[in-house]
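Thanks for coming. I will go through one structure, starting with a definition and then going region by region.

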Amino acid sequence: MPDTLVSIRPAGHRRRRAALRKLPAYVFVIAGAVIMVVPFLAAFSNSLKSFEQYIQVPPTWIPDPVQWQNYAEVWERAPFGLYLLNSVIVSAAAVVGCVLTSSMVGHALARMVLPWRNLLLTLALGTMMLPTVITIVPSFILFNSFGWLDTLLPLIVPYWLATPFGIFLMRQTFLGIPKDFEEAATLDGANPWQVFWRVHLPLAKPAVATLAVFTFMATWGAILEPTIYLTSPENFTLPIGVQSLRGEFAGNEQLVTAAALMSLVPILIVFLLAQRYFVRGAAGAGLKG
C-alpha cells in the first residue's frame, strides 16, 4: 500500500505541474475570447433596443423592453431581401468558380509535367503581394470596356480565373496525395481528367472546404469592389446595402445594427456546416513539395 501511494503521488504532482504550466495559455485564450465576443454581445444588445435606449449614456446591457420587432422592421422598410439575394448569387458563383479553377490549376502544377511550372507558380503567388488598391483602377478600366459596370459580373468573374491562394492551397494538397491512387486509376484506363475528378478531388475534400469557406467569407464581406463597381441600389450586396441604410434609418441606428448582425448569419452557418472539413484542411495544407 505505501508503495502504491508513492507511485501515485509523483504522477498526480506531475499532472498538477503540467496544468500550472498551461494556466497562462488558458488565461490568454479566455481573455482573447472575451475580447472578441464582447463587441458582438454589445451589438446584439443594441439591436434589441429602442432609439432612446440606443443613445442612452451610460449604456445599458439588457434592453428593457426587448425590441425584437427591429429585425422585422429592417425587412419591411429596406430591400434587405434583395441585398441578401445579390450576395448569395455573388458568393455562390464565386465559390464554385474559385474551387473549380483553382483545383484544376493546382492539380496541373502538382501532378503534370509542365515547362516552367515552378516559375508559373512563383508568378501566381507573387500577385498576392499586390494590394487590391493597386489593381482596382486597371480592373475598373477593363470591366468598363466590357460593359460590366453596375452588374454583378466584376464581383464573380475574377474568381473564375483561379486565385493565387487557391492555387497554392490545392497544389500543396495534391502533392500530399500518394501516387499509388493515380497509378491504380491509370492502370484501370482512367485519363488525366478522370484521375483529377474521380480520384484526387474527392481525396482533397478538406482543402476544398477550406478554400470554399475562405472564398465565401471574402466575397460575402467585400466592401471595396462593390463600392467601386456598383451604383444602382438594386445591385447592392449586403455590406454596402447595410451601409446605405444609415441615411434611410437616420434616427433609428439600432435598425442598422440589426441589419449588420443579420448579414453575419450566413457566414456562421457556412462555417458551422464546413467546420469539420475546414479544420482538417487548414491543418493538413502543409508546405510539401
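A polar contact here is a pair of N or O atoms within 3.5 Å; within protein, one must be able to donate a hydrogen and the other to accept it, and residues adjacent in sequence count only if both atoms are side-chain atoms. Before I use that, two remarks on the source. This is a predicted model, in which local features need pLDDT of at least 70, side-chain atom pairs count only at pLDDT 80 or more, and totals for chains, interfaces and linings use all residues. Residues are numbered from 1 along each chain as its sequence is written, and side-chain values use heavy atoms, with hydrogens and water left out.

Let me begin with H200. The side chains of H200 and H107 are joined by a polar contact of 2.7 Å. H200 sits in helix α10; helices are DSSP runs of H or I with at least four residues, strands are runs of E with at least two, and both are numbered from the N terminus. Is H200 buried or exposed? H200 counts as buried, because its relative accessibility is 0%. The scale is this: buried means under 20% relative accessible area, exposed means over 50%, and partly exposed is in between, with a 1.4 Å probe and protein chains only.

What does H200 touch, not counting residues up to four places away in sequence? The list is H107, R111, F174, I177, E182 and V195, where contact means heavy atoms within 4.5 Å. As for F174, it is 26 residues from H200 in sequence, and the two C-alpha atoms are 7.0 Å apart in space.

Two residues on that list, R111 and E182, also pair with each other. Their side chains meet in a salt bridge, 3.6 Å from N to O. R111 belongs to helix α4 (residues 80-111) and E182 to helix α9 (residues 179-187), so this pair ties together parts that are 71 residues apart in sequence. The term salt bridge means a side-chain nitrogen of Lys or Arg within 4 Å of a carboxyl oxygen of Asp or Glu. R111 counts as buried at 16% relative accessibility, while E182 is partly exposed at 23%.

How many salt bridges does this rule give? The count is two. The other one joins R77 and E73, with the closest N and O atoms 2.9 Å apart. R77 and E73 are four residues apart in helix α3 (residues 69-77), which means they are separated by about one helical turn. An α-helix has 3.6 residues a turn, so residues three or four places apart point the same way. Both partners are partly exposed: R77 has a relative accessible area of 34%, and E73 is at 24%.

Helix α3 also holds N70. N70 is buried, at 4% relative accessibility. Leaving out residues up to four places away in sequence, N70 touches S47, L48, K49, Q254 and L255.

Back to α10 as a whole. The helix covers residues 192-203, twelve residues, and reaches 15 Å from its first C-alpha to its last, close to the 16 Å expected at 1.5 Å a residue. That expected span is 1.5 Å times one less than the number of residues. Buried in α10 are V195, F196, V199, H200 and L201. These buried residues pack against α4, α8 (164-175), α9 and α11 (205-220). At the start of α10, the backbone nitrogen of W193 has a side-chain oxygen of N191 within 3.2 Å.

Next, T237. This residue is in the loop between α12 (224-229) and α13 (238-248), and at 4% relative accessibility T237 is buried. Apart from neighbours within four places in sequence, T237 is in contact with Y83, N86, S87, V90, L155, P226 and L230. In α13 itself, L238, P239, I240, G241, V242 and L245 are buried. The buried residues of α13 pack against α4, α11, α12 and α14 (253-273).

G176, in the loop between α8 and α9, is partly exposed at 42% relative accessibility. V34, in helix α1 (residues 2-47), is partly exposed at 44%.
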